Amino acid sequence: MTEPVFEAILPRRQFMATGAAATLGSLFASVGLLDTALAQSVPQSVASGTALQWHNWSGLQHAQPASLPTPGSEADLQALMKATQGEVRAYGSGHSFTALVPTSGAIVSLDRLSGLISVDKQAMTATMHAGTRLGVLSRALDSQGLALRNLPDVDIQTIAGAISTGTHGTGATLPALHADVVGLRIVKSNGQIVELHESKDRDLLAAARVSLGSLGVISQVTMRVLPAYNLHRRVWLRPIAELLQQAPLLADQHRHFELYYLPFTGYGAAISHDIYTGTELSLPKSGDDEAMADLRTLRDWLGRFPQMRTWVAQKFFDVNQVEEARHRSHRLLASVRPMKFNESEWHVPRDQGIACLREIISAIEKHNEAFFPIEFRFIKGDDAWLSPFHGRDSCSIAVHAAADEPYDYLIKDCAPVYRAHQGRPHWGKLHEMGAAELRALYPRWPDFQSIRKQFDPQGRMLNAHLRKLFVQA
Ligand SMILES: Cc1cc2nc3c(=O)[nH]c(=O)nc-3n(C[C@H](O)[C@H](O)[C@H](O)COP(=O)(O)OP(=O)(O)OC[C@H]3O[C@@H](n4cnc5c(N)ncnc54)[C@H](O)[C@@H]3O)c2cc1C
């Protein structure tokens, strides 16, 4: 094939034809577009005729709830919980892929309970309404000279939704967000308010930090925070064999390190972020929302010829390009996903991470239809009872499929690999585990279940998915 033919396959120039690293940095993502994302985010709950409808971000999960209340104060929430009969599920921004939210009862949104309530600069903590989106929170903290210790790779989620599923970013020394929670206010299913603080309620807080909305509706969160900081971001492209060898060392050298493997290319993109104390700030080149579409086009044209697909991809990679940017932590760590997808992510002990990733790459590359990058991150262990990082430093491996394409193979083919490496699934991402298997993975499982029953004796906070996770043997 000649280059004009490649241009016909990939007519849009940017992705591979010019420096790959620059576009790979934004492969999934457009940086700094929170306003756009919020403005464009369609409400997850809409009325259709007379039936109320709810759906999640990817469109996979649906519900027709009896009500979709949006209390405007904690007192309203308390009155609502007292007055409501039957199942109640809290809903953040619908960014979970699993069926955590759907119910035919009440789906409660905390969208109107948003914003920073107070900061304590001596204790270095901040208290916020539970419905505050991470991006809104980051900006409010920044205006006070403060920041969260880490962020996941999008910041549309609410703080309560994020901590409830063990949401994490990357960084070998950085735990998931819930590890920084020092206090919570929870409205139980009977309307009673419980206030927890780490100074007096160690066990209850260890249970509540990651609790999938099963203890009640969280109304306020108090988090440990840091002085605001800038980061230096680098993105570079290398053969995956080289990156797999270097990854453990790179994870120890950088505050944040992660890599993306690009299926059927033999190449991975490495991304690091480190504290930056200089004064010259720059954001990455504007995100190329079409980079994912280019990978998809390559798959559409050459999916049946994997070797040719690899050859074409490598032909256009420029391994000498490094993308660099320096800016506020929240402007670089979180971004916006231009293409919708479904996802499964598991967490394995750190010392098994690379071996597990190699096997996942083999499993995914048995499917010519795969084109989404595989994401590999490092997370520090913590002690929350249902934290997927409980008691162990971990690596996370995430696989994706476009929202309008089949995703079953992500679960069917990858789950046995993760299981063989003692993997724990992300609570918010697709998996098929139930109570019997989960119990064996979490040493404090019985303690959590006993606290859950104390908080919600009638099981009104459970929907069908949570009953499968917590109750059915
Ligand atoms: C594009 C995208 C990118 C993502 N990136 C990452 C990432 O980098 N790292 C990562 O770990 N995860 C990531 N996720 C997963 C996501 O962070 C989690 O699924 C998170 O829980 C979503 O938060 P949410 O506010 O949308 O909550 P929802 O999905 O609406 O709810 C999640 C859970 O929280 C509970 N909940 C919500 N609000 C409350 C409340 N007030 N009180 C009690 N319980 C409540 C719900 O009942 C439910 O059990 C990503 C998801 C998407 C779609």
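1. Let's start with a helix pair. Helix α9 (residues 240–253) packs on helix α13 (residues 353–364) at an angle of about 150°, and their axes are 10 Å apart. Angles over 145 degrees count as roughly antiparallel, so that is the label for α9 against α13. As for the hand, the crossing in which α9 passes α13 is right-handed. Keep in mind that this is a predicted model.

2. Helix α13 has another partner to look at. Its axis and that of helix α14 (residues 408–420) come within 9 Å, crossing at roughly 165°. That again makes the pair, α13 and α14, roughly antiparallel. Here too the crossing, α13 with α14, is right-handed.

3. On to the strands that pair with β15. Strand β15 (residues 230–239) runs antiparallel to strand β17 (residues 267–276), and 10 bridges join the two.

4. For a residue pair to display, arginine 233 has alanine 325 as its bridge partner in β18.

5. Now for an open sheet. Which order do its five strands take? They go β7-β8-β13-β11-β12, and the pairing is antiparallel. At the edges stand β7 (116–120) and β12 (193–197); each has a single partner strand, so one side of each has no neighbour in the sheet. Ignoring direction, neighbouring strands of this sheet are turned by 10° against each other on average.

6. As a reminder, strands of a sheet pair through backbone hydrogen bonds, either parallel or antiparallel.

7. Which residues come nearest to the ligand? Of the 32 residues around it, those are Gly92, Pro152, Gly161, Gly213 and Gly428. The elements giving two or more residues to this shell are β5 (88–91), α7 (159–164) and β13 (217–224). The most comes from α7, which gives four residues. Strand β13 is also one of the five strands in the open sheet above.

8. Last, why does the ligand lie between domain 2 and domain 3? Because both domain 2 (43–109) and domain 3 (116–227) give residues to the shell around it. The bounds of these domains come from an automatic or database domain assignment.

Methods. Residues numbered from 1 in each chain as written. Predicted model: local features only at pLDDT ≥ 70, side-chain atom pairs only at ≥ 80, totals over all residues. Near = placed C-beta within 6 Å. Pairing = 2+ DSSP bridges. Axes fitted to C-alpha atoms, helices over the stretch in contact; angles between N-to-C directions. Parallel < 35°, antiparallel > 145°, perpendicular 65-115°, else oblique. Left-handed = near helix turned anticlockwise from the far one by under 90°.
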